[in-house]
Amino acid sequence: MSSTPERIPADGDFGAIGRIDAQMVVLSFVDNAGITRVKTVPAARLADAARFGVGVSPCFETFTFDDLMATGKYLGGPDGDLRLIPDLSRLTELACQPGWAWAPADKYTQEGTRFVACQRDFAARQTEAARRQGLRLSMAFETEWALGADTAEFDPVLYGPGYGITRLGQIADYARDLVDTLTRQQIEVQQFHPEYALSQLELSVSPNEPVGAADDAVLVRHTIREQSRRYGWRAMLAPCIEPGGAGSGAHLHFSVRDGSGSLFAGGTGHHGMRPAGEAFLAGILRELPALVAVGAGNPASFLRLEPSRWAGVWQCWGRETREAALRFITGVRGTEERAANAEVKCLDATGNPYLIVGAVIAAGLAGVHEELRLPPEITGDPMTFDAEQLMLSGVRRLPMSSVEAAERLAKSTVLAEAMGPELHDALLTVRRAEAERYAQTDPLELVELTRWRF
């Protein structure tokens with residue numbers, strides 16, 4: 001946590017306000033259930049909002065995904081008020097929503113100090129902690145979603161083989177317009193393709209610094225939803241499309257650099273890792289069970305987190321091993337210095353992206369501090385390992401329920417210290433409340449309940 005309270009900035013990039021033609025501005029924040037919440041203001045009032053904020057109740061810190069309020073040790077209930085302060089450096093005119101602009105917001109108290117449980121500030125604090133250790137991170141979320149008709153049920157609009165050109169032909173205009181819209185919103189798309197699951201698509205964007213990567217995820221998802229609506233469709237970003245089938249994830253890619261270059265290339269360790277790079281990954285590997293609660297702790301997430309679906313349900317790592325929760329990617333020979341990165345696969349859109357990037361950094365920094373080392377990497381699918389192979393490799397299943405994931409988060413001293421008691425408890429309160437409420441819910445009903453929430 002910050003040693004001194006940070007006050008509302010006296011100055012901002014107010015020149016950005018004059019560069020937009022929008023009439024209305026969305027101020028967004030993401031709660032601990034992974035739901036993006038908003039307040040909006042007329043563009044003429046944006047400067048005032050940037051100075052004094054827009055009121056929002058702190059009750060949202062313990063809202064569950066279904067809009068029911070839980071109460072934690074520190075937060076929850078009807079009392080109090082916060083101020084949402086838009087980050088004008090990220091003010092973006094929305095090509096997907098003409099007449100509107102968007103800015104992510106930070107949370108402050110009415111006294112002008114930073115709110116201790118602000119998720120975006122948590123990501124910023126962990127980024128700063130890395131910077132103080134001489135480390136610079138680049139991150140990017142992959143986005144997977146399924147396209148359905150504009151109905152309450154899920155009626156797929158895409159048919160044909162996974163990754164098939166026949167699927168692409170059915171949504172070629174939609175894909176072109178989506179990429180163009182994102183480009184006009186300063187999001188650089190690296191690739192787009194039809195995916196494996198029912199009516200599923202995937203999009204990857206260029207990396208950004210950690211807070212910016214989380215901002216990008218919020219904006220990308222909103223743009224996908226709006227662009228789909230314009231075509232008469234609905235975008236489903238929830239983790240489970242149909243029980244028993246493959247689901248939609250939100251994998252996080254990241255690289256780490258210091259003054260000498262990439263920590264994942266040019267060294268003598270595994271696949272060219274330098275010692276600090278290996279330690280960073282080892283810290284993340286250790287915290288993966290708790291990270292599941294952060295980034296995929298909704299009860300529906302565990303309908304997706306099944307073996308042999310490339311969902312990353314095993315606490316292990318490997319080079320280009322898609323069954324491992326932590327996948328290492330070297331890049332094409334000759335590009336390792338700029339291309340080497342790692343991917344955390346056991347994540348989906350029910351996780352708050354600011355909490356995810358902050359928690360991943362905190363776990364990695366703990367690994368560097370303790371000079372951890374990676375165990376041997378795996379190859380293949382651990383589902384095919386016999387008991388002796390599993391024992392010798394040290395591979396374990398990640399949490400198999402929201403209850404188990406929440407308990408692993410509760411026991412994580414690394415994430416508890418990084419988040420601080422208020423944020424850590426609020427997240428636990430939400431995950432435990434969701435787990436208890438839907439412990440006996442039928443998978444089909446759980447899919448219906450979460451289908452259009454994210």
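A charge is taken to sit over a ring if NZ of Lys or CZ of Arg is within 6 Å of the ring centre and within 35 degrees of the ring normal. Arg-322 lies over the face of Trp-310, 5.6 Å from the ring centre, and Arg-234 lies over the face of Trp-452, at 4.1 Å.

The model is predicted, with local features needing pLDDT of at least 70 and side-chain atom pairs counted only at pLDDT 80 or more, while totals for chains, interfaces and linings use all residues. Residues are numbered from 1 along each chain as its sequence is written, and side-chain values use heavy atoms, leaving out hydrogens and water.

Rings of Phe, Tyr and Trp (its six-membered ring) pair if their centres lie within 6.5 Å; planes under 30 degrees apart count as stacked, over 60 as edge-to-face and the rest as tilted. The count by this rule is twelve aromatic pairs. Phe-65 and Tyr-438 are a tilted pair because their ring centres are 5.5 Å apart and their planes stand at 40°. This pair links distant parts of the chain, 373 residues apart: Phe-65 is in the loop between strand E3 (54-56) and strand E4 (82-86), and Tyr-438 in the loop between helix H13 (421-437) and helix H14 (443-450). Helices (H or I, at least four residues) and strands (E, at least two) are DSSP runs, numbered from the N terminus.

Buried means under 20% relative accessible area, exposed over 50%, and partly exposed in between (1.4 Å probe, protein chains only). Phe-65 is buried because its relative accessibility is 0%, and Tyr-438 is buried at 12%.

Phe-254 and Phe-280 also form a tilted pair, 6.1 Å centre to centre with 50° between the planes. Phe-254 belongs to one aromatic cluster with Phe-264, Phe-280 and Phe-328.
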